[in-house]
Amino acid sequence: MLTADPPAAARYRALRQEVRAGHAERARETLRKMSAEIRLKIVEMIAGARMGHLGGDLSVTDILVTLYGGVLDLDPERPEAPGRDRLILSKGHSAAALYATLARCGYFPGAELGTFLAPLSPLGGHPDRRKVPGVESNTGPLGHGLPVGVGCALAARLRGAPWRTFVVLGDGELQEGSNWEAAMAAGHHRLTSLTAVVDRNRLQQGARTEETNALEPLAAKWEAFGWEVRRADGHDHAALLGAFAPAAAGRPVVVLADTVKGKGLSFAEDRAEWHHKVPDAGQVALARAELKEATR
Amino acid sequence: MNGPTLHDCRQVFAEELAALAREDPRVVAVCNDSVGSGNLTAFREEFPDRLINVGIAEQNMVGVGAGLANGGMVPFVSGAGPFLTGRALEQIKADVAYSRRKVVLCGHSPGLAYGQLGPTHHSVEDLSWLRAVADLTVVVPTDREQTRAAVRWAYAAEGPSYLRIPRFTVPDVVPAGSPFAPGAALTLREGVDLTILAIGSLVPRALAAAGELAAEGISARVLNTPFVHPLDEAAVLRAAAETGALVVAEEATLSGGLGAAVAALTGQRHPVPLRLLGVSGFAPTGDPAFLLDHFGLGVEDVKRAAREVLAMAAARTPAPAV
């Protein structure tokens, strides 16, 4: 089991305080820079391991950064604190994005990211809560996160506890029926503490979702299941912060976050083959240049 | 015929669960519409907020159980065995066992209990499937005593477990206060010529067979291993060494249940003549008692298997010098 990196945790607390201080422009700038840092880490991890799911990591980055940077009540030095907010990454193949974010928050030392996918590394291809603090549930097979999130939200209600539960879903994984079992239950129980976030990058492994097994009309589907539907630009931190506000309609909230697979890398954006393609040396150099530019 | 009184164990399961819920506010029941068949009606009346009926949605049911455990509750996730295990197998593997969430999975009406409803409703594969899942304890209580003990044990255990809650009616056969833990196999009858290992509905049949074999001059030990996984390997190896022949009887598929576990263990560590009695193939139409006999799980079948392993053991032993 990895252990916390207290200095990194302190830096994270300072960042979160700044984001929450109420100065919208400064919050957006802070989160934008954090996203660029994390994207660079992801590229380095995947290039180093010669393996990974780059496209989906980059589409979900701003969602994770906004949640950890500005929304979730968490203490990386007490990852099992009973009253913590829960974030379940249902699209477990975006593990690299989660690891880079957790390391930035101080759940474990950033140097560990260099072991991504190496033999015996705690940082495997899908997150394992036995090894990585901050991971709430071991995901990988799709369609698993939302039912677990429903359970977390029911537990909060039974205990009279105020924690919030967020489940980050891929859009392609909404083709799994288990999501809709859970969506129905959350709507039935009016689980207002539960927020689902759909990383709507419109691509699945080999093709567009709409060509494979169409999800649209997606907002109408969630509404029909009893959810409050919000739509946001999934790469606009300020818009995401707004969308992650607590439920306003007495129903669970789903944020349909419009994203771009491979976001931030000119050569990878919105291209299906970058679902799990590995950048070569030239592409890594280009990525560094593009992302360095974004951190300014 | 006036035999011993037979009991369905669902009632004691429900009573014990309600007792735990009175003691510990973290205890919740999660079910898939099976409030009635899981005998949870009284639980719902007493703890309306703590019976979560997710409807007919087993994958969600098991995931919800894992989430409740994440949130500090102690969920007993209860559904008909075939649907709980077959439909939600990946949730059991990933959300519960691999995520190390303490969820108590309670499979009702297991084995051939649904009789005439047919193979879609039989749960004879559960032991094979779940024994293959790492870090999940698989428990098959036999009677009311062991059903109570199983619920208590699972509640106190550190990790997740699967309890096969009996429905096929059985007499009380396990002495009150018997130890109930992994590594505590129970010798229900002493014997020296062979050992019959039995679980669940086959325990009373194994005991009856041993009684009748005694009249033939055969001394059969009856060993009960309610913990199918992890198996009490020491007790099984001791039985192999001390009695020299084994019969395993269970209401489950032969491909991966207790029999397969015993065969893998003794085959590698202490080979002895062995017969496995269990279910193979999909069942025809019939009530549970008929189906047990159909699959060769009757008292006569157990006796025949005992004679066979004894003959095999005798053939292996060099004839004593005259």
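Colleague: Which residue in β5(A) does Asp233(A) stand opposite?

Modeller: The model is a predicted one. In β5(A), the residue opposite Asp233(A) is Asp258(A). The two strands concerned, β4(A) and β5(A), the latter covering residues 253-258, run parallel and are joined by six bridges.

This pair belongs to an open sheet of five strands in chain A, with parallel pairing and the order β1-β2-β3-β5-β4. The edges are taken by β1 (86-89) and β4 (228-233) of chain A; each has a single partner strand, so one side of each is left without a neighbour in the sheet. From one strand to the next, the twist averages 20°.

Helix α5 of chain A, residues 145-159, lies across β1, β2 (165-170) and β3 (194-200) of that chain. Relative to β2(A), α5(A) runs at about 170°.

Elsewhere in chain A, helices α1 (residues 6-20) and α2 (residues 24-49) have axes that come within 7 Å and cross at roughly 145°. On the α1(A) side the contact is made by Leu15(A), Glu18(A) and Val19(A), and on the α2(A) side by Arg26(A), Ala27(A), Thr30(A), Leu31(A) and Met34(A). By class, these residues are five nonpolar, one polar and two charged.

Turning to chain B, helix α9 (residues 233-243) has Val236(B), Ala239(B), Ala240(B) and Thr243(B) buried. Viewed down the axis of α9(B), the buried residues fall within an arc of 100°, so they line one face of the helix. Ala234(B), Ala241(B) and Glu242(B), on the other side of α9(B), are exposed. What the buried residues of α9(B) pack against is a set of chain B elements: the strands β8 (194-198), β9 (220-224) and β11 (246-253), and the helix α10 (258-269). After α9(B) comes Gly244(B), with a positive phi near 80°.

The last point is where the chains meet. Contact involves 25 residues of chain B and 25 residues of chain A. On the chain B side, the elements giving two or more residues are α3 (58-70) and α5 (89-98), and α3(B) gives the most, with nine residues. That side of chain B has ten nonpolar, ten polar and five charged residues.

Terms used
Residues numbered from 1 in each chain as written. Chains lettered and ligands numbered in written order. Predicted model: local features only at pLDDT ≥ 70, side-chain atom pairs only at ≥ 80, totals over all residues. Buried ≥ 20, exposed ≤ 12 C-beta atoms within 10 Å, placed from the backbone. Helix = DSSP H or I, 4+ residues; strand = E, 2+ residues; numbered from the N terminus. Arc of directions from axis to C-beta. Contact = placed C-beta atoms within 7 Å. Nonpolar A, V, L, I, M, F, W, Y, C, P; charged D, E, K, R; others polar. Axes fitted to C-alpha atoms, helices over the stretch in contact; angles between N-to-C directions. Pairing = 2+ DSSP bridges.
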